[in-house]
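Have the model open while you read.

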Amino acid sequence: MSTFAWQVVAMIVYLGAMVAIGFWGNHQTVDLDDYMLGGRRLPPLVSALSAGAADSSGWLLMGLPGAVYASGLVEAWIGIGLTIGAWFNWRIVAPRLRSYTETARNAITIPSFYGNRLHDERGILRIITGLIILVYFTFYISSGMVSGGTFFESSFHLPYLWGMLLVAGVTVLYTLVGGFLAVSWTDVIQGLMMVLALVVLPIVGIIRLGGPGEALAAIRGVDPDLTSLVHGGTLIGVVSALAWGLGYFGQPHILVRLMALSSPTEARRARRIGIGWMVLSYLGAVATALVGVAVYQHDAARLANPETVFITLAQLLFHPLIAGFLLAAILAAIMSTISSQLIVTSSALVEDLYRGVTRRPLTPAKGVWAGRIGVLAVAVVAMALAVGRSDTILGLVAFAWAGFGAGFGPTTLLALWWRRLTTAGAASGMIVGAALVFLWDHLGDTLGGVFTLYELLPGFVANLVVAIVVSLLTHRPNPAIDAEFSRAVELTRG
């Protein structure tokens, strides 16, 4: 068989497995709670790997290795910031969020949690957050589809449109059919594929180079500064990279995994698994980049695009069938994020906007079908946007992590840990935080200087300050809210 044929076989096996899991998830889904949150019965392993896979996207196997390949270890600060942020997310947010979302009238989405937690009877918070999620994630999903089309175009020379439609079609199929359970279990497979690929590839590369000493010597022979964490960096750059960790507190597609834990006490085990996965994955991504520097030190033309370092190394070092499965890990990273975002966007559309505005109850069967219609509607719009392969779409995705982190992060922390947060405070903070992300980025493009600081940090701080000040001005004692807060604390403690 030809190299191309072997790699196609690997892709068919992978995509077929994802669809099979989707149909399995369909048999486990009875009502909207199952479809959107898996009935709150995810074991720690599934929750942890699902959160990691949903978070990573193609950035982990292409973006991070490409940045380190081009500029050195100074680009690794973002991985350090993300790991620290994820640890705190599992440590301080996960147990209480799992308890509080159940206590707050069994909230199954982040917008419904905010509304139920603050007794927002008018539904203002659910509508604001639902709209933010709907808009941001539709563009985010579209970008993932663009990445999928580009992947097939560059790896298999398939026309961009066909590659994009293939990725979109398979991902939408297993998400549409299987819901949250299918998405979570496919994320487990995809997460394991990613970490295995990122561990095996650099190890094989180092062996091929003659061992760690020879590999390090080759890297330093190209540029000794590539192994420095500070060379070429600035204080603002390092602070900006570390600030990425703040984004975890506001990412709906990650927070929903914490809500779906089988119990609050399982957060500790999930944290250990999740952080272990992250550390291995990020170290593997960095090692892949550095091995690429050593392997291609005399063949720079082959890597005109640094983000292809993982792809080219896989094809160089392994049998075509194994290389095909390693390439499938990139596809896994892209698809895991798309599917997770489809479920969250659908839940915002059905649970928060439709039910939040109409107040109409849904039977279990109708709830599941409403969720599926939501997935399909969002996917169709995202595919339509992806057809044009617009740079504007890809540019907007750069705001998504900052937008959610600054818009929702402080609200999540205050809702879980501060009794005096009010509806007015939460709404004001979210609007200010999300708006400042856009404003700060525009100022950075025009003025530079301090405005090159990652927009997540000023947006996060602004949200926090505004939410606290407005809440102090509008707070009125509410025994029911206080009782729920105390109950959530007791459940968290076990």
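T412 sits in helix α16, residues 391–417; helices here are DSSP runs (H or I, at least four residues), numbered from the N terminus. T412 is buried, with a relative accessible area of 1%. Buried means under 20% relative accessible area, exposed over 50% and partly exposed in between, using a 1.4 Å probe and protein chains only. Leaving out residues up to four places away in sequence, T412 touches V93, Y114, F249 and L255, where contact means heavy atoms within 4.5 Å.

Some ground rules: this is a predicted model, where local features need pLDDT of at least 70, side-chain atom pairs count only at pLDDT 80 or more, and totals for chains, interfaces and linings use all residues. Residues are numbered from 1 along each chain as its sequence is written, and side-chain values use heavy atoms, with hydrogens and water left out.

Helix α11 (residues 252–259) is mostly covered, with eight of its eight residues buried.

S281, in helix α12, counts as buried at 0% relative accessibility. S281 touches L60, V195 and L198, again not counting residues up to four places away in sequence. S281 and L61 are 220 residues apart in sequence, yet 8.9 Å apart in space, C-alpha to C-alpha.

## Helices crossing α8

Which helix axes come within 7 Å of α8 and cross at roughly 95°? Those of α1 (residues 3–27) do that with α8 (residues 160–209). That makes α1 roughly perpendicular to α8. Axes are lines fitted to C-alpha atoms, for helices over the stretch in contact, and angles run from 0 to 180 degrees between N-to-C directions. Under 35 degrees counts as roughly parallel, over 145 as roughly antiparallel, 65 to 115 as roughly perpendicular and the rest as oblique. The residues of the α1 contact with α8 split into 17 nonpolar, six polar and no charged. Ala, Val, Leu, Ile, Met, Phe, Trp, Tyr, Cys and Pro count as nonpolar, Asp, Glu, Lys and Arg as charged, and the others, Gly among them, as polar.

Now for α7 (residues 124–156): the axes of α7 and α8 come within 7 Å and cross at roughly 125°. The two helices are therefore oblique to each other. Among the contact residues are M145, F152 and E153 of α7, and Y160, M164 and L166 of α8. The α7 contact with α8 divides into eight nonpolar, four polar and one charged.

## One side of α9

In helix α9 (residues 212–222), A215, A218 and I219 are buried. They lie on the same side of α9, because they cover an arc of only 100° around the axis, taken from the directions from the helix axis to the C-beta atoms. The buried residues of α9 pack against α8 and α12 (267–295).

## Two positive phi values

Most residues other than glycine have a negative phi. N106 has a positive phi of about 55° although it is not a glycine; N106 is in the loop between α5 (77–103) and α6 (110–117) and counts as partly exposed at 35% relative accessibility.

H119, in the loop between α6 and α7, also isn't a glycine, and its phi is positive, near 55°. At 21% relative accessibility, H119 counts as partly exposed.
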